[in-house]
Amino acid sequence: MLIAAVRSAITYIAVSLYVLVTGLVGMLLATVFGWTGLLYVFGHGGVYLGLWLSGIRFTVIGADNLPLDRAAVYCSNHESNVDPPILFTALHPRMHILYKHEIDQIPVLARAFRMGGFIPIDRRNKESAMRSIEKGAKSIRDGSSFLIFPEGTRSRTGQMLPFKKGGFVMAIKAGAPIVPIAISGGRDAMQRGSRIIRPVRITIRVGEPVETAGVSLDDRDELIARVRERIAALLT
């Protein structure tokens, strides 16, 4: 436990300094020269730095199901705080994220997120959430892929929580496929309520994309059930 605590502290300090320095540099270059792609390069670098320092490794199974040649919505279960950065790096070279608006309280990170095309969503404000979904759908139609966590938060029990509809509405509006993603091992890496990061191997399983072409908003509950079943099957 002591070794894990020390490694965790080093990881937090190193990644925080990395984000501060590269975030400011990346945003400056993106503003002056339009090099927004550099933000993704720095982002992936920060993730790999954190994983290396904390001792976390990951394996992707079913990578041939990743539709990298077209925009898609990647839909994953949510076990711990390590899930978003790992999936951001493991699944797509320029993954966008529909993220909780609370992150906007972290100035440098939030600014970099927005410049990179990430979209904040406030699920407590229905009108604001719908504007975010519409913005996300337009971004997908323009060629961007998004990562969503439809449970909205981490499960305390290991069982998947009910899925929220926003990300599915976004996919339907954009006519984009939904890629079922099952991530496991995150709970062993970082338990809810704990800041200790343990060195574990994370497994990511990618299912076959579920097409939304021809699917209407009236069919969203059936679509949600189908994607949820596929994620559950991947987890077992």
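Biologist: Which residues form one aromatic cluster with Tyr 40?

Modeller: In this predicted model, a single aromatic cluster includes Tyr 40.

Biologist: How many aromatic pairs does a search of the whole structure find, and which kind do Tyr 40 and Phe 88 form?

Modeller: The search of the whole structure gives seven aromatic pairs.

Biologist: Is Phe 88 buried or exposed?

Modeller: The relative accessibility of Phe 88 is 7%. Buried means under 20%, so Phe 88 counts as buried.

Biologist: What kind of aromatic pair do Tyr 40 and Phe 118 form?

Modeller: The centres of these two rings, Tyr 40 and Phe 118, lie 6.2 Å apart, with 65 degrees between the planes. An angle over 60 degrees counts as edge-to-face, so the pair of Tyr 40 and Phe 118 is edge-to-face.

Biologist: Where does Phe 118 lie, and how many residues apart in sequence are the parts tied together by its pair with Tyr 40?

Modeller: Phe 118 is in the loop between H4 and strand E4 (119–121), while Tyr 40 is in helix H2. The pair therefore ties together parts separated in sequence by 78 residues.

Biologist: Which element gives the largest share of the lining of the largest pocket?

Modeller: The largest pocket has a volume of about 1,700 Å³, and 49 residues line it. Among the elements that give two or more residues to this lining are helix H1, helix H3 and strand E3. The largest share, nine residues, comes from H2.

Biologist: How many residues in the lining of the second largest pocket are charged?

Modeller: The second largest pocket holds about 180 Å³ of space, and its lining includes Arg 123, Lys 126, Lys 164 and Lys 165. Lys and Arg count as charged. Beside four nonpolar and two polar residues, the number of charged residues in this lining is four.

Biologist: Which residue does the side chain of Thr 22 reach at 2.6 Å?

Modeller: Thr 22 is placed in helix H1 and, at 14% relative accessibility, counts as buried. At 2.6 Å, its side chain reaches the backbone oxygen of Tyr 18.

Conventions
Residues numbered from 1 in each chain as written. Predicted model: local features only at pLDDT ≥ 70, side-chain atom pairs only at ≥ 80, totals over all residues. Heavy atoms only, no water. 1 Å grid on protein atoms, 1.4 Å probe; cavity = no way out; pocket = protein on both sides within 12 Å on 5 of 7 lines; lining within 4 Å. Points joined across faces, edges and corners; volume = space filled by probe spheres on them. Helix = DSSP H or I, 4+ residues; strand = E, 2+ residues; numbered from the N terminus. Buried < 20%, exposed > 50% of the residue type's maximum accessible area, 1.4 Å probe, protein only. Polar contact = N/O pair within 3.5 Å; in protein donor to acceptor, adjacent residues only side chain to side chain. Phe/Tyr/Trp six-rings, centres within 6.5 Å; stacked < 30°, edge-to-face > 60°.
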